[in-house]
Amino acid sequence: MTPQELRAFCLSFNAVVEDFPFNPDTSVFKVQGKLFALTRLDARPLTVNLKCDPEDAVRLRGEHEGLIVPGYHMNKRHWNTVTVDGGLPDRMVEELIEDSYDLVVAGLPKAERLRLDRP
């Protein structure tokens with residue numbers, strides 16, 4: 001997955017915006033103001049921090065040692081850093097991004113979740 005593909009995929013979800021609260025090089029993708037993906041699109045290797053269910057986070061780290069690690073500068077229980085341009089299939093990376101988005105949306109108030117479901 002290229003940086004452009006990563007950015008486009010993150011922006012493909014409903015109500016997502018890209019923000020740069022930390023510096024002009026760090027893309028933060030948010031839904032309803034809540035972070036679900038954080039990356040430096042010019043970094044090599046290309047990585048992205050993603051929210052993850054705590055049990056899945058530990059399992060994924062074990063299954064993909066070195067490619068999925070505890071979230072850099074994040075709560076290690078709930079966030080993983082995923083190497084995007086490494087040995088993981090693009091479809092798996094997309095599923096991890098989608099899971100992160102879904103976890104964040106699930107934590108939103110019901111009224112906000114319902115607004116996201118409308119076309």
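Modeller: Start with the largest nonpolar core, which has 30 residues. A nonpolar core is a set of buried Ala, Val, Leu, Ile, Met, Phe, Trp, Tyr and Cys residues joined through side-chain atoms within 4.5 Å. Buried means under 20% relative accessible area, with exposed over 50% and partly exposed in between (1.4 Å probe, protein chains only). This is a predicted model, in which local features need pLDDT of at least 70 and side-chain atom pairs count only at pLDDT 80 or more, while totals for chains, interfaces and linings use all residues. Residues are numbered from 1 along each chain as its sequence is written, and side-chain values use heavy atoms, leaving out hydrogens and water.

Leu 6, Val 31, Phe 36, Ile 97 and Tyr 101 have the most contacts inside the core. At least two core residues come from each of helix 1 (3–11), strand 2, strand 3, strand 4, helix 2 (54–63) and helix 3 (90–106). Helix 3 gives the most, with 7 residues. Helices (H or I, at least four residues) and strands (E, at least two) are DSSP runs, numbered from the N terminus.

Now the open space. The largest pocket holds about 340 Å³. Its lining has 17 residues, and Thr 26, Leu 38, Arg 40, Asn 49 and Tyr 72 are the closest to its centre. Strand 2, strand 3 (34–40) and strand 4 (47–51) each give two or more residues to this lining. Strand 3 supplies the largest share, 4 residues. A pocket is an open set of points on a 1 Å grid, where a 1.4 Å probe fits, with protein on both sides within 12 Å along at least five of seven lines; lining residues have an atom within 4 Å of a point.

Thr 26 is found in strand 2 (residues 26–31). Thr 26 counts as buried because its relative accessibility is 8%. Beyond four places in sequence, Thr 26 touches Asp 19, Phe 20, Leu 38, Thr 39 and Arg 40. Contact means heavy atoms within 4.5 Å.

Leu 38 sits in strand 3. Its relative accessible area is 15%, so Leu 38 is buried too. Leaving aside neighbours within four places in sequence, the contacts of Leu 38 include Phe 22, Thr 26, Ser 27 and Val 28. Thr 47, Val 48 and Asn 49 are also among them. Leu 38 and Glu 18 lie 20 residues apart in sequence and 9.5 Å apart in space, C-alpha to C-alpha.

Methods:
Points joined across faces, edges and corners; volume = space filled by probe spheres on them.
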